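User: I am new to this structure. Can you show me how to read its features, step by step?

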Amino acid sequence: MSFVEYSDFIQDGDVAIVYLSHNSVMPVKVQQGAQTQTRYGVIRHSTDLIGQRYGSKVTCSKGGWVYVLHPTPELWTVALPHRTQILYTTDIATITMMLELKPGSVVCESGTGSGSLSHAILRTIAPTGHLHTVEFHQQRAEKVAEEFKEHRVDHLVTVRNQDVCQDGFGVTGVADAVFLDIPSPWEAVGHAKAALKKRAGGRLCSFSPCIEQVQRTCDALSDHGFEEIDTLEVLLRVHEVRTVSLPLPDFGSDSEEAPPAVGATEHPSVTMKTTTPPRRMPGHTGYLTFATKPRS
Amino acid sequence: MADNREDDCEDRIKEGDYVVLKRGEIFKAVQIQQRKKVIFEKQWFFLDNAVGQLYSTTFEIVSGGTLQPQKLEDAEKPTDSKETGTDNRNIVDDGKSQKLTRDDIEVLKEQGLKGQEIIQQLIEHSTTFRDKTEYSQDKYIKKKEKKYKNTVTIVRPSCRILAMMYNGREPGKICHLRYDTLAQMLTLANVHAGSKVLVFETCAGLVLGSVMERMGGYGSVIQMYPGGGPVRAGVESFGFPSHFHDMLHEFPICHVNPLLAGTLDATAKDSDADQKKLNVAAEEEQNQPGAEQQGSPEEDSMDTNAGDDAEQDQEKMEREKRKEAKAQERKLKLEEKQKKLAATATLLEGRNADGLVIASRFHPCPVLLGLLKFLSPSRPFVVYSQYKEALIECYTKLKERGGTVNLKITDTWLRHYQVLPNRTHPVLMMSGGGGYLLSGTTVAADSSKAAGSERAQEPAPKRLKLNDTEG
């Protein structure tokens, strides 16, 4: 297993995703002799996981069962241990396309945070691209570097522990795209410009929860000569499939001879499949501001 | 990595390149060809001068439809008109504020004035411009720019640009798939280099091209197509290097059932079809020998020697030979096609594809149920439909059938913002029109093995309950 390459069978040292139910998954580091407790009982790695095919059903000690899935950045995003607020798949998907990421892209990112977006970037730019990610919090930087190693993507990424607003990305003139998820992105716009390719230019994205941050970032972007400045927001709606029965009211009989037997015992109703929106849904994650650094 | 060379020729527009013309939010995909007239936004021009220029260059359209690269400094327009009003209490709409008439403007245009100059004239001849607020002036200029600007930027095609272009120009051709929805699809299906992805689409090749872009020429894409052949017009526009096409395979959807049943004998079937097609071809040729004769000047000259038996015999023989050669060629082509079909069948028969992407005008249910069988367990799939009801049916069928987890029906709302000093607000609301997605992950089908020995020991496997409580 690797986050950038599928394999069929679970091996010692893999990170597998245990699927408990549709909104409950957990990451498991597969180790010979280790055990994992779930609410359905124990999973014994040596017998239940190692050598099994990804996607298999594993019966736990209490008789319940789980599925063991191959890790993907999307599953990792819902399973990873949070050390910070993270970006979710809806925003990540939009960022990936609007930054025009593809195999071979060189990307700069800051802050690394919990690495949710980083894994998605690495998946997309492999096998020939590279990610330069900057995290000013030392412990987080170390932790995420460790994860990249465990996930076998460390050859595609350089983690730098520095302050992007002061020290930049540690590279200049190499990036096709820059992503900023920091409290004061306007302070990093100059460094972002320097990191992007000189001749070809490139794309930039900044993620901010507050409109005031967006305003200052857009000002900074236009001051630095960025073009195509565009701020947008993408919201995900999940539709839950339901079977509903709508009863029909009794209008009374319209003819004298209507047989009274009908409807005496059962209430007539129409049954149909439909979807309902969740009662509560995330209404805001952050504004995404995109811009193009023109060629120079 | 760190390839800092920034290859010069890579960045320059070449003849034959597929490019995208851009003005504001309007895009148009074209191929660079000499002396080819292009119409874009009611203006026509030739692309000849673009050759050799760098990508992302903005051109001015000058008389005769030639393009003139705009210098980078020119792009900055210093329209500083310091004088502004504070409110509109004294601005009356009497329809006379603009002192230039329609005809005056036409004359300016004929004189070959640049768009920027015409706008300057309009401002100078507007009696109310100076009384307008700063913001109102800004808006006025932007509106006029839209009308009189005669520049075009030539950019490199990408999934982002083409998806936005199709969405703006021809949403019907791509089943109203909005670009943010396409973005979700590529991510939910975990499309990446090195995997084997199945694609079934009737979106002019946009979805296929986007998948290919994300795979960067590594791995394989199998396009399942309906009808006589795959539609790939949109793929062309991506302008992929030729080696990208090595990873692209195709398979007719009408052969899926025979393949699954193991009755698809590629070679036998093919020679049948082969023979049929050859016969038809031969007939066609016999029916129109005259047309062929007239078409070739060589044969015309031979006709003047008519009567000479020997020559006629020779002519006959030559014709026969040519016919044979053509038939041979056709046969080779067909054989090639059959070989490719057989190769693709082998790729599919492994039933170990890594992802499935469906976006078509067909009912997604049978397509999904049919094609899911080719996926390995623990692989993502995503189905697009313009209509939610079709996906509800897919969802229900999949729940009955089993073999999938993580099923979700979703759609996304996309909202753009205008961000300007003191004028920040959402610009427009797009909802519903972007279509719906059903996504999920395959798992091993329920087999006897899953209900292993341990289950027997357990008195009450609460499998049904588990689902309920979590739902």
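**Reading the features**

Analyst: Start at a helix end. Just after α3(A), A:Glu100 takes a positive phi of about 60 degrees. Keep in mind that this is a predicted model.

User: Is helix α3 of chain A buried or exposed?

Analyst: Buried means under 20% relative accessible area. In helix α3 (residues 89-98) of chain A, ten of the ten residues are buried, so the helix is largely enclosed by the rest of the structure. Among them are A:Asp91, A:Ile92, A:Ile95 and A:Met97.

User: Which residues have the most contacts inside the largest nonpolar core?

Analyst: Nonpolar side chains tend to be buried together in soluble globular proteins. Here the largest nonpolar core has 103 residues. Those with the most contacts inside it are B:Leu182, B:Met185, B:Val211, B:Met212, B:Val221 and B:Val357. Helix α4 (residues 159-169) of chain B gives this core its largest share, seven residues. A second, separate core has 34 residues, including B:Ile222, B:Leu348, B:Leu398 and B:Leu407.

User: How many helices and strands does chain B have?

Analyst: Chain B has 16 helices and 15 strands. Of its 471 residues, 44% are buried. Now take the contacts in chain B with a separation of 6 or more: 68% join residues 24 or more positions apart.

User: What is the accessible surface of chain B?

Analyst: About 25400 Å², with 49% belonging to carbon and sulfur atoms.

Conventions. Residues are numbered from 1 along each chain as its sequence is written. Chains are lettered from A and ligands numbered from 1 in the order in which they are written. This is a predicted model: local features need pLDDT of at least 70, side-chain atom pairs count only at pLDDT 80 or more; totals for chains, interfaces and linings use all residues. Side-chain values use heavy atoms; hydrogens and water are left out. Helices (H or I, at least four residues) and strands (E, at least two) are DSSP runs, numbered from the N terminus. Buried means under 20% relative accessible area, exposed over 50%, partly exposed in between (1.4 Å probe, protein chains only). Contact means heavy atoms within 4.5 Å. Accessible areas come from the Shrake-Rupley method with a 1.4 Å probe; for residues, only the protein chains shown count as cover. A nonpolar core is a set of buried Ala, Val, Leu, Ile, Met, Phe, Trp, Tyr and Cys residues joined through side-chain atoms within 4.5 Å.
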